[in-house]
Amino acid sequence: MTVAEEIEVTLAVGQQKELPAVPAPGQPADREMHAILEIGVRGHGGPGSGPAPAQGAGPALAEVLIVDTSRSMLHPAAKLHAAKDATAAAVRLLPDGTAFAVLSGRFDATVVHPGPGRAPMAVADPAERKAAERSVRILDADGGTALGTWLDLARRLLKEQPAPVKHVLLLTDGRNEHDHRAAMSLDNALDACEGRFVCDAWGIGDDWDAEQLLRITRRLHGRAGAVREEAELAAAYEELVTGLLGTAIPELRIRITPTPGTVIRRVKQVVPGEQELSAVPAGSGGRGTEYVTRAWGDEIRHYQVVLTADPAGHETGEDLQLAAVEVAVPDFGRPVRLPVPQPVLVRWTDNPLDASRQHPGVRRYELYQQVSAAVAGAYQAWLRGTGGRAVADRHLARALALGAGLGVAPCGGARRG
């Protein structure tokens, strides 16, 4: 293992330290401290170098591709053709030795490749890739949509796979309309699948449910995407799979250890998209908590941390530590250089001007959240039909006004990033 193959992780904390020592009338004694964590990963092997496992550890990726084959995929038929082209393009990119399967999703889910009597998942080589493409090309569409059953079959297929990165790529053109008839509801499937694999979900056509895709990807640490034109899907799939093959770190944990009297209220990813994080205790008997993040390439992500503390008994004007932040990476066969732990500080102040200041990064992400809420409100109002159009217009006008202050143009629906 050479130095050039070492992966570097960086950590920076952005915050405005000053908080008021005396609460405003009617406010609780505890104050909220907001901080932004900027975490970066640089794989010195370069983009596409991938998570090279230890000698004999096996392939780094196990992949399940789910194709919506409900009846609506035939209206127009270009959607099904595009889904076949994109799935075949993704299969062609899988390196030799990669465990993979292709599923067809309707009221239930069935394995398209490998076929009956085979192992649960195929192992990529030239012959398997060609066989999978042939199976994909003859797919037809019928039946309804029950996303929970699709995800649960993917979970069962991936359960015994040793690859450090387990990934599902789900494509749908509709809504989860037959959840009530499914053997596994989406709620139960997400509970069973969370932490088992990463799922990216894509919409095609103009009738897919953006909130549903975002809900799936937020629980399963993926991203939601869509294409405006069916012909764009194959290139989007190729880009996504290429990015997966460039995964530098399968899992990274953010460890936050509060000082006595400090409470962790919230930790969430805010860039490249909002992402709920699973919290687990950081070791036996300790005060720390770890938040699991998955499938890192060469990239930077931002996380919002909210802590509360009571200033009673503390001096004003002094820097005090509220918590220590560090990152941990499980052993996966490559050397990783980790950053030193960073503090989240507070400086209690009696100066109202100091207390009113807000760190630019914190303010920016609060505005992003307001934009997101306005767009979501517009979408929900639009779903109500003509009766909700005026409300949708008001929400969109607010989103545009907030977006102008951020220098971004809000857009509805699910999107990459």
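1. Two strands pair here if DSSP finds at least two bridges between them. Strands (E, at least two residues) and helices (H or I, at least four) are DSSP runs numbered from the N terminus. On that basis, strand 1 (residues 7-15) and strand 3 run antiparallel and are joined by nine bridges. T10 has G40 in strand 3 as its bridge partner.

2. A note on the basis. This is a predicted model, in which local features need pLDDT of at least 70, side-chain atom pairs count only at pLDDT 80 or more, and totals for chains, interfaces and linings use all residues. Residues are numbered from 1 along each chain as its sequence is written, and side-chain values use heavy atoms, with hydrogens and water left out.

3. Strand 3 also pairs with strand 16 (residues 299-309). Eleven bridges join these two, again antiparallel. V41 has E299 in strand 16 as its bridge partner. Buried means under 20% relative accessible area, exposed over 50%, partly exposed in between (1.4 Å probe, protein chains only). Ten of the 13 residues of strand 3 (residues 31-43) are buried, so the strand is largely enclosed by the rest of the structure.

4. Now the core. A nonpolar core is a set of buried Ala, Val, Leu, Ile, Met, Phe, Trp, Tyr and Cys residues joined through side-chain atoms within 4.5 Å. The largest one has 33 residues, and L171, W202, L233 and Y237 have the most contacts inside it. Elements giving two or more residues include strand 4 (61-68), helix 1 (78-93) and strand 8 (165-172). Helix 6 gives the largest share, seven residues.

5. L171 deserves a look. Contact means heavy atoms within 4.5 Å. Leaving aside neighbours within four places in sequence, L171 is in contact with residues including I66, M73, W150, W202, L233 and Y237.

6. Cysteines next. The structure holds zero disulfides (pairs of cysteine sulfur atoms within 2.5 Å). The sulfur of C199 is 8.3 Å from the closest cysteine sulfur, in C193, too far for a bond. C193 is buried, with a relative accessible area of 0%. C199 is buried too, at 0%.

7. Finally, E290. This residue lies in strand 15 (residues 289-296). E290 is buried, with a relative accessible area of 7%. A polar contact (N or O atoms within 3.5 Å, one able to donate a hydrogen and the other to accept it; residues adjacent in sequence count only if both atoms are side-chain atoms) of 2.5 Å joins the side chains of E290 and R255.
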